[in-house]
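Subject: Handover of a structure and findings

Dear colleague,

Please find below the structure that I am handing over to you. I would be grateful if you would look through it before reading the notes that come after it.

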Amino acid sequence: MSAIKDGRYEIELNGKKYYMLFSLNALDEIQDRFGGYDKLDTAMAEGKDMIKNIRWLFTLLLNEGREEGEPELTEQQVGRLIHVGNIADIKGAIFNAFAFGATGGEETE
C-alpha cells in the first residue's frame, strides 16, 4: 500500500493484513442490494439474512481494497475468515471502514 492516504481501512485476520475500501463502486452495489448505505445497520442486524449480508459486504469491501494485481476473493474464501468468535469485530470493522473512507483515510475519534 502506498504511503498516500487512499481511504482503505486495514484489518488483520489470521496474521495477514487486508484492506477494505468503501469506494463509489461499493456504495453503488450497496445501494442496489440494500437500498442505500444508510441501511447497513439494518442489513447487518440480527435477522435471517444477517450472515449472508455480512459475508457479501465484507467480500465486496476486501475486493475493493485489494492491491492492483491481487486476485479477487470469493465469498467462500472470505467466509472462512469469519467465525462466531470474530463476527462482532468484522461488523465493527465494516462500520469503521465506512467512517475511515468518509474522512479520506483520517482516523476518527
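The notes below describe the overall fold, the strands, a helix pair and the aromatic rings.

This is a predicted model, in which local features need pLDDT of at least 70 and side-chain atom pairs count only at pLDDT 80 or more, while totals for chains, interfaces and linings use all residues. Residues are numbered from 1 along each chain as its sequence is written, and side-chain values use heavy atoms, with hydrogens and water left out.

The chain contains five helices and two strands; helices (H or I, at least four residues) and strands (E, at least two) are DSSP runs numbered from the N terminus. Along the sequence their pattern is β-β-α-α-α-α-α. Of the 109 residues in the chain, 37% are buried, where buried means under 20% relative accessible area, exposed over 50% and partly exposed in between, for a 1.4 Å probe and protein chains only.

Strands β1 and β2 run antiparallel and are joined by five bridges; two strands pair if DSSP finds at least two bridges between them. Leu13 stands opposite Lys16 in β2. The hairpin of β1 and β2 has two residues between the strands, and Asn14 there takes a positive phi near 55 degrees. On strand β1 (residues 9–13), Tyr9, Ile11 and Leu13 form the covered face, whereas Glu10 and Glu12 form the uncovered one.

Helices α1 and α3 (residues 50–65) pack with their axes 10 Å apart, at an angle of about 160 degrees. Axes are lines fitted to C-alpha atoms, for helices over the stretch in contact, and angles run from 0 to 180 degrees between N-to-C directions. The angle therefore makes α1 roughly antiparallel to α3, a class that covers angles over 145 degrees.

Turning to the rings, those of Phe, Tyr and Trp (its six-membered ring) pair if their centres lie within 6.5 Å; planes under 30 degrees apart count as stacked, over 60 as edge-to-face and the rest as tilted. By this rule there are four aromatic pairs. One of them joins Phe22 and Phe98 edge-to-face, at 5.0 Å centre to centre and 85 degrees between the planes. This pair links distant parts of the chain, 76 residues apart: Phe22 lies in the loop between β2 (16–20) and α1 (24–34), and Phe98 in helix α5 (residues 87–102). Phe22 is buried at 9% relative accessibility, whereas Phe98 is partly exposed at 27%. Ring pairs also link Phe22, Tyr37 and Phe98 into a cluster.

Yours sincerely

Note on methods
Angles under 35 degrees count as roughly parallel, over 145 as roughly antiparallel, 65 to 115 as roughly perpendicular and the rest as oblique.
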